[in-house]
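Please keep the sequence and the structure at hand while reading.

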Amino acid sequence: MMSTDRKLRIAVLFGGRSGEHEVSLMSARSVLSVLDPAKYEVTQVGITHDGTWLSGEDVLGKFENNNTDGLLPVIVSPDPSEKGIYILEGEALKKLADIDVYFPVLHGTFGEDGTIQGLFELADVAYVGAGVVGSSVGMDKGVFKDVMIANNIPVVDTMVVLRAEIEKDVVALIEKAEKISDYPFFTKPANLGSSVGVTKCNSRSDLQEGLMEAASFDRRVLIQKGVKNAREIEVSVLGNDDPVASVPGEILPSREFYSYESKYIDGTSGYAIPAPLPDETTELIREYAVRAYKAIDCAGMARVDFFVESDTNKIYLNELNTIPGFTKISMYPKLWEASGLPYAKLVDRLIELAMERKADRDHTSHTYRSQA
Ligand SMILES: Nc1ncnc2c1ncn2[C@@H]1O[C@H](COP(=O)(O)OP(=O)(O)O)[C@@H](O)[C@H]1O
Ligand SMILES: [Mg+2]
């Protein structure tokens, strides 16, 4: 077990090669502000838009100002016998810090999709959040839908199409979609978040444009039936093998849908916590959230997002985010606060869960000797 006579060494990673780079900086600002210096020794690692890993003095402040002067390239060794973060000094690698827990505060591609989790697994280190499979399935809206269907969790009717098919015969795809449902449709890239590349399509020409837009972000694209008068309900889940769900909250978007602008730019969306729903609907949503979390083998945390049809209270699970927005005013921590777990305690708990999961992984045998 970890000795308690020294501070825990935490590496907080932010930025990243992702459309949600700036969102990550906002989340990291909040996380860093509550890591108690009496308990933790923090190393900041910023990852640039190009994927360069940098560390040094006030990394986050520099990233926020788009100025990385004075920061030095670092790497996390994938070799378990060489644990830690290394700084590149000239030609030589020098250990910068030993790390007990890595905290990827990274949203979207290369942060939330299992790729960086793969590096942590190779390096045999503790890290906050879901592992490789949970992260990658949570990220891929197409595969995720199929896993939900296999677990009898209701989702919106969806077609997954390839960019190549869009380029070859977009009219054929549009005709196929029109046979499945009436307008509106939503088009979205399979692997992205923060509403980037998501379009509400009220007509054929919208659908064509939406497909092009989504295909510019990913080689796989979803065409999804629009839920009419969809209320947007979100639930926070926390835990490893026995995850628990928070009270659900409702997003009250100010625009036609919960777009990137309403999420981060005009900041006009409101919340209702707890979401005003009938008790049965609330309980069903919390149950689906936990089932979805377990179905894709999540760990640490996830925010699970639903649509509820206003007239019927019919529930659809929309998506699961393994590294949800994490500023103090983000839905994930706000829902925990409303459920009795304040922000700083939540961050402590995530670090504990990371160490518990690592201890559990250490029981896994990686060799097999035949008894014969
Ligand atoms: N099928 C749908 N029906 C109604 N609204 C939708 C649908 N799909 C997406 N939206 C709207 O678009 C927003 C972003 O879509 P979402 O699937 O959550 O992608 P992201 O991962 O970018 O958040 C949703 O919050 C919602 O407002
Ligand atoms: Mg969403």
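The sections below treat the ligand site, a pair of helices and some features of the backbone.

## Ligand surroundings

The structure is a predicted model. In it, ligand 1 is surrounded by 19 residues, of which Lys141, Lys188, Ser195, Glu232 and Glu319 are the closest. Sorted by class, this shell consists of seven nonpolar, six polar and six charged residues. Three strands each supply at least two residues of the shell: E10 (185-189), E12 (220-225) and E18 (315-321).

## Polar contacts and burial of the ligand

For Glu232, a polar side-chain atom lies 2.3 Å from an oxygen atom of the ligand. For Glu319, an N or O atom of the side chain is 2.8 Å from an oxygen atom of ligand 1. Lys225 takes part through its backbone: one of its backbone N or O atoms lies 2.8 Å from a nitrogen atom of ligand 1. The protein buries 96% of the 540 Å² that ligand 1 exposes when taken alone.

## Helices H4 and H5

Helix H4 spans residues 132-139 and helix H5 spans residues 141-150; their axes come within 5 Å and cross at roughly 105°. H4 is therefore roughly perpendicular to H5, as crossing angles from 65 to 115 degrees are counted in that category.

On the H4 side, the contact is made by Val137, Gly138 and Met139, which meet Lys141, Val143, Phe144 and Val147 of H5. By class, this contact comprises five nonpolar residues, one polar residue and one charged residue. Lys141, which belongs to the H5 side of this contact, is also listed among the residues closest to ligand 1.

## Backbone features in loops

One joins Tyr183 and Pro184, with omega about 0°. Pro184 is placed in the loop between helix H6 (163-180) and strand E10, and E10 is one of the strands that supply residues to the shell around ligand 1. The other cis peptide bond joins Ile273 and Pro274, with omega about -10°. Pro274 is found in the loop that runs between strand E16 (270-272) and helix H9 (279-295).

Asp124 is not a glycine, yet its phi is positive, at about 60°. This residue has its place in the loop between helix H3 (115-123) and strand E8 (126-127).

How values were computed:
Residues numbered from 1 in each chain as written. Chains lettered and ligands numbered in written order. Predicted model: local features only at pLDDT ≥ 70, side-chain atom pairs only at ≥ 80, totals over all residues. Heavy atoms only, no water. Axes fitted to C-alpha atoms, helices over the stretch in contact; angles between N-to-C directions. Helix = DSSP H or I, 4+ residues; strand = E, 2+ residues; numbered from the N terminus. Parallel < 35°, antiparallel > 145°, perpendicular 65-115°, else oblique. Contact = heavy atoms within 4.5 Å. Nonpolar A, V, L, I, M, F, W, Y, C, P; charged D, E, K, R; others polar. Near = heavy atom within 4 Å. Polar contact = N/O pair within 3.5 Å; in protein donor to acceptor, adjacent residues only side chain to side chain. Areas by Shrake-Rupley, 256 points an atom, 1.4 Å probe, with all protein chains shown as cover.
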